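Dear colleague,

Please find below the structure that I am handing over to you. My notes on what was found in it follow.

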Amino acid sequence: MDWYPLWNSLRIAAVSSVLVFFLGIFAAYYVAKLPRAVKGILDVIFTLPMVLPPTVCGYFLLLLFGVKRPIGLLLSKLGMQVAMTWQGGILASAVVAFPLMYRTARGAFESFDETLAYSGQTLGLSNTYIFWKIRMPACRQGILAGTVLAFARALGEYGSTSMLIGYIPGKTATISTTVYQLWRTNDEAGAFMWVMVNLAISTVILLVVNMLETKNRKAVKT
């Protein structure tokens, strides 16, 4: 049995989750500090991939990174390619997973007691120290939950991934695209097997999220 779709899905989800983790935290931290009107505009922009159909997100990515598009042509001159490569799957998954990380992180930052940061400033602590040693530990449950949800979203992504990187066995195949291709070719047994694999992984992820939420509620009560 070819396990490439599982390996490819896991590495795409893992790398895109790392990207989304830092980008989501950065965006959430600074957007939370902005005036309400600016915050509302950026919220719409950053959250749009969550409400758009994934195929639409993939279509926009193709318009930008297709091999015959300006950015795609520029990358090809540099010896890089996004469309029809597994690296393109990282981009597609990151785009659709980013809103989950951003929203969760922003909620965690907005619930943070700013008096802790002010106290650190009066002690002469730098903003960088306060962020990593005070703010992040206090918001860790929400941040971890957002990271796990982003990973789950990236792992199960189909629409934007299939649009941007397609299905090439041994090269771009993921669990989701493999399920569709096997079903399309009437290999229902193979499709069902991959569905069970995806179901098992998703169940574990949901259990982790529930554990994090339980810990967060307990921490709030104490």
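A residue is called buried under 20% relative accessible area, exposed over 50%, and partly exposed in between (1.4 Å probe, protein chains only). With those limits, asparagine 186 counts as exposed because its relative accessibility is 67%.

Please note that this is a predicted model, in which local features need pLDDT of at least 70 and side-chain atom pairs count only at pLDDT 80 or more, while totals for chains, interfaces and linings use all residues. Residues are numbered from 1 along each chain as its sequence is written, and side-chain values use heavy atoms, with hydrogens and water left out.

The pLDDT, the predictor's confidence in each residue from 0 to 100, averages 88 over the chain, and 95% of the residues score at least 70. Confidence is highest in helix 1, at a mean of 93, and lowest in helix 11 (residues 188-221), at 80. Where pLDDT is low, the predicted coordinates should not be read in detail.

As to the fold, the chain has 11 helices and zero strands; these are DSSP runs numbered from the N terminus (helices: H or I, at least four residues; strands: E, at least two). The C-alpha trace spans about 65 × 40 × 30 Å along its principal axes. Of the 222 residues, 41% count as buried.

Two residues deserve a separate mention for their backbone. Asparagine 186, in the loop between helix 10 (175-184) and helix 11, has a positive phi near 65°. Methionine 84, in the loop between helix 4 (70-77) and helix 5 (86-110), also has a positive phi, of about 60°. Methionine 84 counts as partly exposed because its relative accessible area is 36%. Most residues other than glycine have a negative phi.

Turning to the cysteines, cysteine 57 is buried because its relative accessibility is 5%, and cysteine 139 is buried as well, at 4%. The structure holds zero disulfides (pairs of cysteine sulfur atoms within 2.5 Å).

Lastly, what lines the largest cavity? Its lining consists of Ser9, Ile12, Ser93, Ala154, Leu155, Glu157, Thr161 and Thr174. A cavity here is a set of points on a 1 Å grid over the protein atoms alone where a 1.4 Å probe fits but cannot get out, and lining residues have an atom within 4 Å of a point. Helix 1 (4-31) and helix 8 (140-155) are the elements that give two or more residues to this lining.

Yours sincerely

Key
1 Å grid on protein atoms, 1.4 Å probe; cavity = no way out; pocket = protein on both sides within 12 Å on 5 of 7 lines; lining within 4 Å.
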